[in-house]
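Dear colleague,

Please find below the structure that I am handing over to you.

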Amino acid sequence: MKGEPIFVFVEEYCQKAPEASIDEDELYDAYRVFCIAHQRHAVSRDLFFRVLTGSKLRLHREGGRILGLEIHPAFEAWIASFAYPDCEEESAEEDSGLYE
């Protein structure tokens, strides 16, 4: 898999739409499923949202939601079929330089 996992996740599993929004927990859980399926380590929740709202993706957080983004309909059922097992997150210190 080429590219950084967060950017690949957003590009392949999500779609941007001005009127869309998604719950932060739902989005992070979907990202974790993506990481498990592609044998990647999920970055910390804090880093995940810093990357989403950073200069490359420029998404906005408001009231526990990410605005302008939703899970692509083709992947909603697939993602929902996972049981969200506990997976190891890398610490923010270890992976913070990946997305700068």
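Before the helices are discussed, one term is needed: an axis is a line fitted to C-alpha atoms, for a helix over the stretch in contact, and the angle between two axes runs from 0 to 180 degrees between N-to-C directions. Please also bear in mind that this is a predicted model.

With that term in hand, consider helices α2 and α3. Their axes come within 11 Å and cross at roughly 105°. Angles of 65 to 115 degrees count as roughly perpendicular, and α2 and α3 are therefore described as roughly perpendicular to each other. On the α2 side, the contact is made by E24, D25, L27, Y28 and Y31, while R45, F48, F49 and L52 contribute from α3.

E24 belongs to helix α2. Is E24 buried or exposed? Its relative accessibility is 9%, so E24 counts as buried, given that the cut-off for this class is under 20%. Leaving aside neighbours within four places in sequence, E24 is in contact with R45, F49, R61, G64, R65 and I66.

The sheet comes next. It is open, has 3 strands in the order β1-β4-β3, and its pairing is antiparallel. β1 (14-23) and β3 (60-62) stand at the edges with a single partner strand each, so one side of each has no neighbour in the sheet. On average, neighbouring strands here are turned by 65° against each other, direction ignored. Between β1 and β4 (residues 65-71), which run antiparallel, there are 6 bridges. Within this pairing, Q15 stands opposite E70 in β4. Helix α1 (residues 5-13) packs on the sheet and touches β1 and β4, with a direction that makes about 105° with that of β1.

As for L27, not counting residues up to four places away in sequence, it touches F9, C14, I22, F48, L52, I66, L69 and I71.

Finally, there are the aromatic rings, for which the count comes to 11 pairs. The rings of Y13 and F34 have their centres 5.0 Å apart and their planes at 75°, so this pair is edge-to-face; the cut-off for that class is over 60 degrees. Because Y13 lies in helix α1 and F34 in helix α2, the pair ties together parts that are 21 residues apart in sequence. Both Y13 and F34 are buried. A further edge-to-face pair is formed by Y28 and F48, at 5.4 Å centre to centre and with 65° between the planes. Y28 lies in helix α2 and F48 in helix α3, so this pair ties together parts that are 20 residues apart in sequence. Y28 is buried, with a relative accessible area of 4%, and F48 counts as buried at 0% relative accessibility. Ring pairs also link F9, Y13, Y28, Y31, F34, F48, F49 and F75 into a cluster.

With kind regards

Key:
Residues numbered from 1 in each chain as written. Predicted model: local features only at pLDDT ≥ 70, side-chain atom pairs only at ≥ 80, totals over all residues. Heavy atoms only, no water. Pairing = 2+ DSSP bridges. Helix = DSSP H or I, 4+ residues; strand = E, 2+ residues; numbered from the N terminus. Contact = heavy atoms within 4.5 Å. Phe/Tyr/Trp six-rings, centres within 6.5 Å; stacked < 30°, edge-to-face > 60°. Buried < 20%, exposed > 50% of the residue type's maximum accessible area, 1.4 Å probe, protein only. Parallel < 35°, antiparallel > 145°, perpendicular 65-115°, else oblique.
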